[in-house]
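Reader: I am new to reading protein models. Could you take me through this one by question and answer?

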Amino acid sequence: KVWNPKILTECLVSDFQGMDSSVETLANSGLDVYAHNIETVERLQPYVRDKRANYAQSLKVLRYAKEVNPSLYTKTSIMLGLGESTDEVIQTMKDLRSAGVDVLTLGQYLRPTPQHLAVEEYVTPEKFAELQKIGEELGFRYVASGPMVRSSYKAGEFFLEHMIKSDREKAEDLVKTFKTGHEHRRELTGDNKLSTTQ
């Protein structure tokens with residue numbers, strides 16, 4: 001990014017065991033998208049995730065990254081088909097929005113090996129579409145939801161890149177056109193300093 005500041009950077013990270021200093025270092029490192037996956041609903045966390053991770057800690061990390069750097073876009077992912085209820089998924093989405101999360105991906109859990117958790121349900125495309133609509137109504141900037149969606153969903157990455165660039169262009173335009181009503185009392189001096197006239 002030093003050589004090309006227009007490059008957008010997304011980093012998918014752990015919860016750093018809740019260490020604020022680590023979250024802060026990364027949030028202020030110059031990245032654009034801070035991604036940390038909550039993975040599943042609160043009830044299923046102990047069965048699905050590493051024992052060192054938990055629901056409250058993930059929410060705290062996502063919230064803190066945004067507090068430290070409000071210009072960051074925060075992103076997370078939920079796997080479906082592990083035995084969660086629709087109400088639990090909706091509550092998780094509400095909790096994520098309360099933490100200021102901007103982008104959500106919802107995808108089907110697939111069992112990688114016989115040693116991993118079994119699939120409890122193959123969620124229908126209609127259910128994914130319903131959850132996407134609910135997520136959008138809750139205020140997520142973008143929701144990618146479907147059986148084949150993953151946290152690195154290419155269409156989602158394209159949309160997110162466009163959204164970030166568009167937001168920044170609007171902010172630059174606002175700065176250029178911002179008026180305070182006192183412009184007539186300002187002048188640029190010969191040494192390129194702004195002075196206010198009486």
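The questions below go through a few residues, strands and helices.

Author: This is a predicted model, in which local features need pLDDT of at least 70, side-chain atom pairs count only at pLDDT 80 or more, and totals for chains, interfaces and linings use all residues. Residues are numbered from 1 along each chain as its sequence is written, and side-chain values use heavy atoms, with hydrogens and water left out.

Reader: Is Asn-69 buried or exposed?

Author: Asn-69 sits in the loop between α3 (55-68) and β3 (73-80); helices (H or I, at least four residues) and strands (E, at least two) are DSSP runs, numbered from the N terminus. Buried means under 20% relative accessible area, exposed over 50%, and partly exposed in between (1.4 Å probe, protein chains only). Because its relative accessibility is 16%, Asn-69 counts as buried.

Reader: Which backbone oxygen does the side chain of Asn-69 reach?

Author: Contact means heavy atoms within 4.5 Å. Leaving aside neighbours within four places in sequence, Asn-69 is in contact with Ala-27 and Asn-28. At 3.0 Å, its side chain reaches the backbone oxygen of Ala-27.

Reader: Where do the buried residues of α1 lie on the helix?

Author: In helix α1 (residues 20-27), Val-23, Leu-26 and Ala-27 are buried. Seen down the axis of α1, the buried residues fall within an arc of 100 degrees (taken from the directions from the helix axis to the C-beta atoms), so they line one face of the helix.

Reader: How many bridges join β3 to strand β4?

Author: Two strands pair if DSSP finds at least two bridges between them. Strand β2 (residues 33-35) runs parallel to β3, with three bridges joining them. Strand β4 (residues 103-108) also runs parallel to β3, and the bridges that join these two number six.

Reader: Which residue in β4 is the bridge partner of Ile-78?

Author: Ile-78 is a residue that Leu-96 touches, and Leu-96 itself lies in helix α4. In β4, the bridge partner of Ile-78 is Leu-106.

Reader: Why is β3 described as largely enclosed by the rest of the structure?

Author: The reason is a count of buried residues in β3. The strand is largely enclosed because the buried ones are seven of the eight residues.

Reader: What is the relative accessibility of Leu-96?

Author: Not counting residues up to four places away in sequence, Leu-96 touches several residues, including Ile-38, Leu-59, Thr-76 and Phe-140. Leu-96 counts as buried because its relative accessibility is 0%.

Methods: Polar contact = N/O pair within 3.5 Å; in protein donor to acceptor, adjacent residues only side chain to side chain.
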